[in-house]
Amino acid sequence: MLVSEVKDIARRWVAEEPAVLPGFRGAFHTGSINWLPDGAEFPYTSDADIAVVFDGEPPPSPGKLLYRDVLLEAGYYPMTQFASAEELLGNHQRALFAVATIIADPSGKLAELQASVARDYAKRRWVRTRCESARDHSLNYVRALNEATDFHDQVACWLFAAGVTPHVLLVAGLRNPTVRLRYPAARELLTEYGRLDFYEPLLDLLGCVDMTVDRAAHHLDALSAAFEEAKAVLKTPVFFAADISDHGRRVAIDGSRELIERGEHREAVFWLVATYARCQRVLFHDAPVAMQERHTPGFRDLLDDLGVASYDDLKQRGAQVEALLPDVWDVAEAIMAANHAIED
């Protein structure tokens with residue numbers, strides 16, 4: 001299905017569902033779909049992200065849903081989160097509103113706000129502010145590591161501390177700080193700017209430099225089994241519940257398999273660990289002990305391949321992230337200096 005067709009279907013869903021709810025103010029695409037040409041094929045292993053804004057407190061977000069054979073990921077937000085261009089411009093995630101495809105905008109306020117954000121999006125001071133936002137996001141994860149929390153949550157904390165480092169560079173390059181494909185995107189950016197030498201240090205933060213395709217495939221098979229049981233028992237509310245579902249399997253499992261099969265097995269590790277940690281959390285809270293014990297060895301096996309066996313290892317890896325951040329910043333500065341699209 002073409003990107004233009006996906007956008008048309010998303011527009012129909014917005015008109016039929018959130019647009020008839022009280023307080024509806026508008027909707028727009030977020031995520032990678034905004035970076036794809038309308039004539040391109042929309043990846044089967046991706047979802048089309050939609051942000052819907054409301055006056056006051058929004059209804060609960062529907063999350064992932066299948067509508068007319070298109071996988072949508074819909075989040076509902078209060079309009080107060082889109083109060084000013086300055087707040088958006090300084091946030092490395094929300095500033096992407098500058099390139100968002102607006103789906104519905106009854107009052108015209110979203111278009112007006114977008115024009116303001118787009119006008120200053122490439123200004124150097126805002127690009128630098130967003131790089132700082134991403135860097136601080138990584139540091140916040142490092143500092144949130146806590147031995148008192150469950151081990152799978154500790155792992156997730158370290159993982160995202162390491163995984164935000166590519167975002168610092170992507171923001172400097174005015175690229176999409178994508179989620180699942182952040183490492184392939186960072187590799188492409190570093191290649192373009194003649195800094196491919198810095199790619200291995202980013203992977204080393206994950207411990208996956210020496211990951212082989214066979215081991216990655218082995219871990220995905222184990223994860224797939226854990227995923228199936230986790231989605232069957234999930235009851236405790238978690239913010240990522242929509243990802244551990246029949247619909248979410250297309251992205252979490254099929255998307256990882258696609259990466260491995262095209263030779264990006266090291267790049268697949270980030271999403272393998274993220275999904276495994278989420279499955280472990282579901283199993284920990286909602287599964288019988290026998291089911292937990294069935295899947296914990298697979299999680300530990302993956303972490304062993306990454307050199308992580310304990311909280312002390314995670315603390316050491318967090319310190320490694322913090323130690324590399326000045327070098328990440330130097331590379332980001334070099335990219336900003338060489339990026340002709342950035343305006344003074």
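**A buried glutamine and some helix packing**

Gln 154 is buried, at a relative accessible area of 4%; buried means under 20%, with a 1.4 Å probe and protein chains only. This is a predicted model: local features need pLDDT of at least 70, side-chain atom pairs count only at pLDDT 80 or more, and totals for chains, interfaces and linings use all residues. Residues are numbered from 1 along each chain as its sequence is written, and side-chain values use heavy atoms, with hydrogens and water left out.

Gln 154 sits in helix 5, residues 151-163. Helices here are DSSP runs of H or I, at least four residues, numbered from the N terminus. What does Gln 154 touch, beyond neighbours within four places in sequence? Leu 145, Asn 146, Glu 147, Thr 149, Tyr 311 and Leu 314. Contact means heavy atoms within 4.5 Å. A polar atom of the Gln 154 side chain lies 3.2 Å from the backbone oxygen of Glu 147.

Next, helix 7, residues 182-192. Its buried residues include Tyr 183, Leu 189 and Leu 190. Helix 5 is among the elements covering them, as are helix 10 and helix 11.

Now that last pair. Helix 10 and helix 11 pack at about 165°, axes 8 Å apart. Axes are lines fitted to C-alpha atoms over the stretch in contact, and angles run from 0 to 180 degrees between N-to-C directions. The two helices are therefore roughly antiparallel, a label for angles over 145 degrees. Residues meeting there include Leu 259 in helix 10 and Trp 271 in helix 11.

Notes: Buried means under 20% relative accessible area, exposed over 50%, partly exposed in between (1.4 Å probe, protein chains only). A polar contact is a pair of N or O atoms within 3.5 Å; within protein, one must be able to donate a hydrogen and the other to accept it, and residues adjacent in sequence count only if both atoms are side-chain atoms. Angles under 35 degrees count as roughly parallel, over 145 as roughly antiparallel, 65 to 115 as roughly perpendicular and the rest as oblique.
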